[in-house]
Structures are given as C-alpha cells and as structure tokens.
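Thank you all for coming; I would like to take a few minutes to go through some local features of one chain. Please have the sequence and the model open while I talk.

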Amino acid sequence: MEWMIQWTDKKKEKVAVGLAVLLCFIVHLLTSTQFTGWFSGDVYGYLSHAATFTGRNWSGVLRNASSFYSWGYSALLAIPMAFSSNIITVYRVAMLFNVLISCGVLLLCYSIAKMLAQDVNKYLLLLCATAVSLYTSYIFQGAVMLSEMWLYFFVLLSIYFVLKYLKTYAIRWGICAGLAVGYTYIIHNRSLAVVIAYAIVVLARSIRQKDWKSLLILLLPLAFMLALNQGVLQYLNVHEKQGRSYTYNTYASQAQNVGSKVNFYFLISGIQCILGEIWYAIIGSFGIVLIGICSGIKTYIKEKKEKNDLKYFYVFVGLALVGTEMVSVLDLALAKVPLDTLRYDVYIYGRYWETVFAFFLLLGMIECCRGIERKTWIAIISGSVVLSVFVEYMTRIYQNNAFNYWAIPAVLLPYFSTQNRFTVMQSSIVGITFMIFIAVIYYNYKKMGKIALIGIWTGMCVFSGYNANYHVAELYKDTPNVINMPLYETQFQVACDYLSENGIEEFAVCATDGYRAVAFQIKFMEAKVTGITEGELDEIESGKTYVVDKMAWAEPMEGTVLYENENYYIIRKK
C-alpha cells in the first residue's frame, strides 16, 4: 500500500507540473501573438548569420556592416529560414520557440528549487517556478525576435548543471555544465561575465582541493565550445564581411572607447549607472530580486561555515550577476557615446543583467515561502524610496534625450498610451505602492499570504509585460522607421511589390544607412541585394536595377525610372 501512496503522490506532482507548464505556454503564446511585432536593429544582425547558415548570400549588404553579432541565436533562426523565405513566417516560428523556451525556464526553476529548498512544500516551489517564468521582462522579450529568451534559458541551464555536478560529482553533469556555459557565450558575447565566473570558481575549487579531474571535466567542454565559436566566426567573416573587420560591438572597440574616457566624471557616471540598474532590479521585480540576493548571501555564509562544496555554487551565481552588471555599465554608460548625450534609459538599462535574474527571483520567492520578517520588508521599501529619489534626481537632466522603451520593460507598468513620457518617479510610485500592497497581504493573511503574494505578483508581472509589449509595438507601429520597414512602412511594401511582380531578383539599394538595404534583403531573402552609397553608383553595371531612397536624394539618378512613389525610385541604369 505504501508504494501506491508514493506513486499517487508522484502522479499528482506530474499533473501539477503539467498544468503549470500549460499555463505558462498559454500566457506566453497569447502575449507573443497579440501584436504584429517590431524589430530592433539587432534583429538584422541575427538574421544575417542565419541566412549564411542556410546558404544564402547576403554579403552585398553585410560587407560594410560595422556591428558584431554572436551566432548562437542565429543558428536557431536558421531552422525556420531553411524552410521559408517569408520574414513574417520566420518571425512567428521564432515566437513559438520563445514560448517553448519559457516552459523550459519553468521546468529548470522547479528542478533547481527542489534541490535547494527541500524544506519548502513542493507545490509552493512549483508556484514559485511558474511565477519566475512569467516575470515581466520574460513576457515582453518572448514577443521579440532577439536572443534574450535564449540567454535567460541557457544561463539558468548553466546554473542547473553546475548545481547538479556539485551535488553528485557525476561526469555527465560536469560536461553539460561546460557545454552550457560555452553556448551561453556563443549566444551573446556579453555573457563573458558568466564564462569568467565559471572559470574562476572551477579553478579556485580545483586548486584548493587539488581536484584536477574535476578541472578537466568542467573546463575542457568549455574550451571546445570557445574554439568552435572562433571557427564559426571566421567562417562568417569570410562569407559575410569578405575578410573586413568589425568596428563596433567588439571587445577591442569597447576597450578603446572606455580607455579614451577614463576620468573623474567617467567614474561618477559608472556609479550612477550601477545605482540606476539596481533601482531597475528592485522596482521591476517589486523587491523580489533583492530578497533573492540577500538569501543567496545568507546561504553562502552558512555553506562556508559548514565547509560544503555548495559555497562554490553561490560564488558562481554571485560573480555571474555582478559581472553581468559590470559588462552592462561598461558597454552602455561608459563606452558608446559622450556622457552628456546618453539616452535617458541608459542609466537604468536592465536588459543585460536580467539574464541572471531568474535564479535570484527564484531564491526571493522561496525566501518568501519560508517567511520574511516585517523589518526586512520595511527596510526594502524604505531603501527603495531613498534610491528612487536619488535616481530620479540623477537622471532628470537626461529626460529630453533619446529613449528606448524596449530596454527597460520591467518598469513600464504606468504607461498606457504612446503619448506618455517615461519618468523614474512615476515608475517608482507604482512599484513601491505595489510592494506595500503585497506586504500588507502577506502579513495579514497568515494561511494564504504566501500563495496570495505569489499569485498577485505573477498577475502584475503578466499584466505589466503585456502592457509594455502593447505600448512598444504601438509606438513602433505609429512611428514607422527604417528598422521596421519589413513590417510597417507602406511605401516600402509597395516598392517591394513592384520588384516582386516584375521578377527583379538582383538589385542595389542606394541609401544613407545600411539598415535600408538590409530591410530589402530580408524582404527578398533569396535575392542578391547590394548596399551602396552615392559614390558607388559607378559600380552598377549597365542594365542593372537599383532602388534609390528619396530621403537621401530627391532627384532621379542616371538611368530609366521604372517606378516611383513617395519614398523611392526604382531605376534601371543605362
């Protein structure tokens, strides 16, 4: 009879997990398919590598590209691009991948939670894992064709494998850990902090314990992935850039930019950026990330006293979090542009280090299930108020600068109109008010307070993510730009229709920016498109077709005008 009870309990758990995954799937599916979508310039970079992987020749528009992009996410986009040349189809399949990977985040969080919190009811842990998978930014990024969702997943997968290895010392988990960390870096080079954190912890543990076997098991797979990455990058450079080098978004370019700006104001700006991004983490997660960080520090101290190997695990995730934050600060606030012309969102830019948030969100939720003292909540809320006032003051001078809403999705809750202008204070008021609300619920309903906290927090995250997605999609739709031409610009679509109807599969695009040529290339994935400037018109052979952007040149150029609309000429050279 005892085995029947055990079997029944396992079956209940499987049903509960299945329902949680179904909920996650439905929510992400609905939020990722409600909108036509929007592109950022980064989408073009990822699609270009995917095109090369599928045998397409886009070198005509990529030879002069300046920004470097990793290829890990491109390898995944190559799957739909191998079967379709329609950008909308590729976009929709990419959204489906994001939905599935969100369910993977839930399962990983549940597995990690069961290993770290055996003292907490497993159904509460499942609620915690479900809540993390529905965090605001995961809802938002799940509807965008960027590498973010895959970074969230693979960072979490790396954490899972490291934890499994330190608990079992099984060779297979060590190999998987090295491979997962390596692929995380291949997805995006800003994950260098995760690689460095992993290498430091592995080396420190192996040297202290003289465990050279573990050193090989954990580092050789990582070395293999890094070597693979270099080989693929060389292949892509030859086929896309024709051997030319990138001048932007590389370690060399960032180091040069940072090195040229080191002074007193540089350091002050760095401190401001750190505080701004901490504000983003606290307000965007309604304090849960901060609770998770404190829980991790407390557990590390305990494991260190007990001389348990799990202390290395907490060092790894801690270094990964801090390192990713430093990468964000160096890359955004201190390297790209003069400090007085920074975008308003740069000082509170949370998108980069959110890749490591999942684990700390999970720890925070688990700590809430164990019980949090009133003074802890009071300290968090009080600290949030002080920090919000400081961040509002330090960013006030940038409020009229350029702004990217999609860089800070977790704090866009107050915005229901594309006419609204973001301010730190408005988001702070909403976030802190909600923190007070869930604290009141948590402490006044003893029996159901934990479940209520998780449920209300999750509902707010889903609503906030949906609202942010709707707001940004409408903003881009209302103000079409060169990046979103394949989705929204009517004159672009009409020009493409002319090219398609007349069977023109090889043409040049003459414009002042590289995005316009890439937009035509994405619309005509199989065509041979060349991006040129006015000074390169002589390179076009007689009888060839080229498209001219009227924003750059209002008068027709040499040749016969085949078609004209408000924005473009299509000309055949004499």
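Predicted model: local features only at pLDDT ≥ 70, side-chain atom pairs only at ≥ 80, totals over all residues.

Let me begin with Gln 230, which counts as partly exposed, since its relative accessibility comes to 43%. Gln 230 has its place in helix H11, which covers residues 212-241.

Now to a second residue, Ser 428, which lies in helix H18, residues 424-444. Is Ser 428 buried or exposed? Its relative accessible area is 1%, and because buried means under 20%, Ser 428 is buried. If we set aside the neighbours within four places in sequence, the residues in contact with Ser 428 are Trp 279, Ile 283 and Ser 388. With Trp 279 there is also a polar contact of 3.0 Å, which joins the side chains of Ser 428 and Trp 279. From C-alpha to C-alpha, Ser 428 and Leu 387 are 9.4 Å apart, while in sequence they are 41 residues apart.

I turn next to helix packing. Two packed helices are described by the angle between their axes and by the distance between those axes.

For helix H5, residues 87-116, and helix H8, residues 148-168, the packing angle is about 25° and the axes are 9 Å apart. That angle makes H5 roughly parallel to H8, and H5 passes H8 in a left-handed crossing. Among the residues that meet here are Phe 97, Ile 101, Val 105, Leu 108 and Ile 112 in H5, and Trp 150, Phe 153, Leu 157, Tyr 160 and Lys 164 in H8. Taken by class, the contact of H5 with H8 has 16 nonpolar, 4 polar and 2 charged residues.

The other pair is helix H2, residues 41-53, with helix H4, residues 72-81, which pack at an angle of about 60° with their axes 8 Å apart. H2 and H4 are therefore oblique to each other, and their crossing is right-handed. On the H2 side the contact is made by residues including Gly 45, Tyr 46, His 49 and Phe 53, and on the H4 side by residues including Tyr 73, Leu 77 and Met 81. By class, the contact of H2 with H4 divides into 10 nonpolar and 3 polar residues, with no charged residues.

Conventions
Residues numbered from 1 in each chain as written. Heavy atoms only, no water. Axes fitted to C-alpha atoms, helices over the stretch in contact; angles between N-to-C directions. Helix = DSSP H or I, 4+ residues; strand = E, 2+ residues; numbered from the N terminus. Parallel < 35°, antiparallel > 145°, perpendicular 65-115°, else oblique. Left-handed = near helix turned anticlockwise from the far one by under 90°. Contact = heavy atoms within 4.5 Å. Nonpolar A, V, L, I, M, F, W, Y, C, P; charged D, E, K, R; others polar. Buried < 20%, exposed > 50% of the residue type's maximum accessible area, 1.4 Å probe, protein only. Polar contact = N/O pair within 3.5 Å; in protein donor to acceptor, adjacent residues only side chain to side chain.
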